[in-house]
Amino acid sequence: MNVQAWTFVMVALSFALYLAVAVFSRARSTGDFYVAAARVHPVVNGMATAADWMSAASFISMAGLIAFLGYDGSVYLMGWTGGYVLLALLLAPYLRKFGKYTVPEFVGDRYYSHTARVVAVVCALFVSFTYVAGQMRGVGIVFSRFLNVGINEGVLIGMGIVFFYAVLGGMKGITYTQVAQYCVLIFAYLVPAIFISILMTGVAIPQLGFGAELADGSGQFLLDRLDGLTAELGFSAYTDGSKRTLDVLFITAALMVGTAGLPHVIVRFYTVPKVRQARSSAGWALLFIAILYTTAPAVAAFARTNLLDTVSERPYAEVPAWFTNWEATGLIRFEDHNGDGIIQYTGPAAEARNELTIDSDIMVLANPEIARLPAWVVGLVAAGGLAAALSTAAGLLLVISTSVSHDLLKRTFVPKITERQELIAARIAAGVAVILAGHFGIHPPGFVAQVVAFAFGLAAASFFPAILLGIFTKGMNTWGAVSGMVTGIAFTGGYIVWFKLLHPELNTADHWLWGISPEGIGTVGMLLNFGVALTVARFTPAPPADVQQFVEDIRVPRGAGPGHEVSA
Amino acid sequence: MLESHARRDYWKKNLTYVAILLAIWFTVSYGFGILLVEPLNRIRIGGFQLGFWFAQQGSIYVFVLLIFVYVRLMRRLDRQFEVDERDEETT
């Protein structure tokens, strides 16, 4: 069987599995729909959280980004894992004790204010939509390259599947499909990584192979060879950074804090039965995530070495098949500037002009082909990429639908709505969100890649300080929290819009505030949020006694409800 | 329910644990992986330069450990102050 046949088989099998799981776990109450009735085992929840969290960006894009950035790519590795420590130690157990369903609900109840709740809903919707658009691009790439169905049909198929199990199953259906999706995606990530590690270094564990000697008998360490190759071709050496230290620090912090503030991640900790399980569930989630995240830098180093070895200074007429296949998608481009028919692939410091443009998004998908692995491995990777994109999209759709049906309708505008009507509203909202997300996938706004930084920056600058202060200070009041959130969002949003959308030509270190890039500005926004909130709270009335009691109450585990008072 | 001074002690202990664990969290990532990466890169373990290893591998392993250590510490603390969840509270 060829690559395409294998891809069809792998994708069809994995989709059938998700649908079967969804049918067996459909939601019957709003509790089921929003938080799976808070009955999910912590290890299962950890696995679902890992799938929810690891998106098309983690699976498809991250190793490619690291392959081209080298040391600078570490910001993603540390940034997207370190946030779980913050979650487990500072947020998850208290939010589980609070119970209920959503992040805006916590903000609204803790700050006894509809304004605070609505501000939080707007942030949650913005962050989630931004993110969904990115997932759909991932789905589109996989379909167009491997299944020859065209990006539009690919996105429609993907949306159909997500619609089915998110709308039918709610959180309950999503949780169990995400477990299946985690298994598919981690297997699909590890198999080629292990194969390539054995091929290149003779070590079966990629995390170790990455620091081992090459198997070609040269006795050279892989990373030394890579440093040599990159320096020789005029790139910065692989293990050295080219970003400024302060910027690296701020980007890492923005990603960590942003991770801890993302509503679709936080809400997962409402689904376990006990407070102590919210803590351990974060640990399991990070363990499952770490399996992929410690493999990714190894895959990156293997891929970059392989790429430089296979295409640099080779005649264009003799390129391997994978090169030609990806050229057809426009994600690899070769322009023979000097007309010698040979591929000069060089960095900014080299004399020869670079003739090759490679989209970093293709590295993980092309890697098995570059390393000449069997066709079934290539098909498996395609299925894994789809699993990653679909699981994240489903989690986000749930946040969007819950924000509308629960936070806006039930808690703010139509408090008399019945449970049945609320469930219908949630399903309609999920349906509308699926269609909107599909629209973004088929007609991606030109700035999808840029706005992902936005999602993290906004989450870091809005939710994280508001929730943290709500738990760790009793004196924080509505005025402080709302003015802090608004300042954080306005500053971070303004900075990103200015450099990314309005004046992209000024987007260089010389024009940035203290040399901090838009990716890292969320950290400054977060600090501003803290500063403004604490200052305003000092000069405005303290929160009422029952709110202070509420804070006392969420700080101890005993007495956490078994899920929810609401029943069908 | 707990006496208020017991509550305060419980909360203080919790904050101490969090502070110590977050100090380690900061040291391995921002410290070893970013601020001290160059001096640490002079130390080599196999093919890895140590600073680079912390940035791309070591910090992540430590993060996982930190969470599980916190889980254990808090379980003990919850029991000691009798604020742990009783089984009949869940269904």
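Of the 568 residues of chain A, 64% count as buried, where buried means under 20% relative accessible area, exposed over 50% and partly exposed in between, with a 1.4 Å probe and protein chains only. The model is predicted, so local features need pLDDT of at least 70 and side-chain atom pairs count only at pLDDT 80 or more, while totals for chains, interfaces and linings use all residues. Residues are numbered from 1 along each chain as its sequence is written, chains are lettered from A and ligands numbered from 1 in the order in which they are written, and side-chain values use heavy atoms, with hydrogens and water left out.

**Chain A**

Chain A has 22 helices and two strands; helices (H or I, at least four residues) and strands (E, at least two) are DSSP runs numbered from the N terminus. Its radius of gyration is 24 Å, close to the 24 Å of the globule rule for 568 residues, so chain A is as compact as a globular protein of that length. That radius is taken over C-alpha atoms, and the rule is 2.2 Å times the number of residues to the power 0.38. Among contacts (heavy atoms within 4.5 Å) in chain A with a separation of 6 or more, 81% are between residues 24 or more positions apart.

**Chain B**

Chain B has three helices and two strands, in the order α-α-β-β-α along the sequence. The radius of gyration of chain B is 19 Å, well over the 12 Å that the globule rule gives for 91 residues, so chain B is more spread out than a compact globule. Buried residues make up 52% of chain B. Of its contacts between residues at least 6 apart in sequence, 62% join residues at least 24 apart.

| Chain | Span along principal axes |
|---|---|
| Chain A | about 75 × 55 × 40 Å |
| Chain B | about 55 × 30 × 15 Å |

**Surface**

The accessible surface (Shrake-Rupley method, 1.4 Å probe) of chain A comes to about 19000 Å², with 65% belonging to carbon and sulfur atoms. For chain B the surface is about 4900 Å², and 61% of it belongs to carbon and sulfur atoms.

**Residue A:Q344**

A:Q344 lies in the loop between β1 (332-334) and β2 (356-358) of chain A. This residue counts as buried because its relative accessibility is 7%. Beyond four places away in sequence, the residues that A:Q344 touches include A:E313, A:N338 and A:R353.
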